Amino acid sequence: QVQLVESGGGLVRPGGSLRLSCAASGTFFSINAMGWYRQAPGKQRELVAHMTRGGSAEYADSVKGRFTISRDNAKDTVYLQMNSLEPEDTAVYYCNAEIKRSLLLVTDYWGQGTQVTVSS
């Protein structure tokens, strides 16, 4: 059984910072890409940031320059450092990982989501 467990969400004032973490646990061969998505009320889930195993990152235009994704492959963990937060960043943030369960089987997994609220 593979699980992604997120932490680090909360309430923060505009201009503040938060750091999200997502750790994978269970039995698997390795993890390919890891990333963060978010879903605001009434909106579709959207990509926030994504990183390959080798460290190549991509970001949504709305967060470029403010958010930084990183990962620790030894800990099977991905992080999202969020700075200069804006009310528009309010959403449930979901961790995603492409997990290689065997040499031939890659499965997409999602975390349970963590709420980020930016409000004064």
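Here is a quick walk through the strands, the core and one surface patch of this structure. Keep in mind that the model is predicted.

**Strand pairing**

Let's start with β3, which has partners in both β1 and β8. Both pairings are laid out below.

| Strand pair | Sense | Bridges | A facing pair |
|---|---|---|---|
| β1 (residues 3-7) and β3 (residues 18-25) | antiparallel | five | Glu6 and Cys22 |
| β3 and β8 (residues 77-82) | antiparallel | six | Ala23 and Thr77 |

As background, side chains in a regular strand alternate between the two faces of the sheet.

**The core**

Now for the inside. The largest nonpolar core counts 31 residues, and Trp36, Leu80, Met82, Tyr93 and Ile99 have the most contacts within it. At least two core residues come from each of β3, β4 (30-39), β5 (46-51), β7 (67-72), β8, β9 (91-100) and β11 (114-118). The largest share belongs to β9, which puts in five. In soluble globular proteins, nonpolar side chains do tend to be buried together.

Setting aside neighbours within four places in sequence, Ile99 touches Val2, Leu4, Ala24, Phe28, Ser30, Ile31, Leu105, Val106, Thr107 and Tyr109.

You'll find Leu103 in the loop between β9 and β10 (106-110). Together with Phe29 and Leu104, Leu103 makes a nonpolar surface patch of about 420 Å².

Definitions and conventions
Residues numbered from 1 in each chain as written. Predicted model: local features only at pLDDT ≥ 70, side-chain atom pairs only at ≥ 80, totals over all residues. Heavy atoms only, no water. Pairing = 2+ DSSP bridges. Helix = DSSP H or I, 4+ residues; strand = E, 2+ residues; numbered from the N terminus. Core = buried A, V, L, I, M, F, W, Y, C linked by side-chain atoms within 4.5 Å. Buried < 20%, exposed > 50% of the residue type's maximum accessible area, 1.4 Å probe, protein only. Contact = heavy atoms within 4.5 Å. Patch = residues over 30% accessible without salt bridge, like charges linked within 9 Å, V, L, I, M, F, W, Y side chains within 5 Å. Areas by Shrake-Rupley, 256 points an atom, 1.4 Å probe, with all protein chains shown as cover. Salt bridge = Lys/Arg side-chain N within 4 Å of Asp/Glu carboxyl O.
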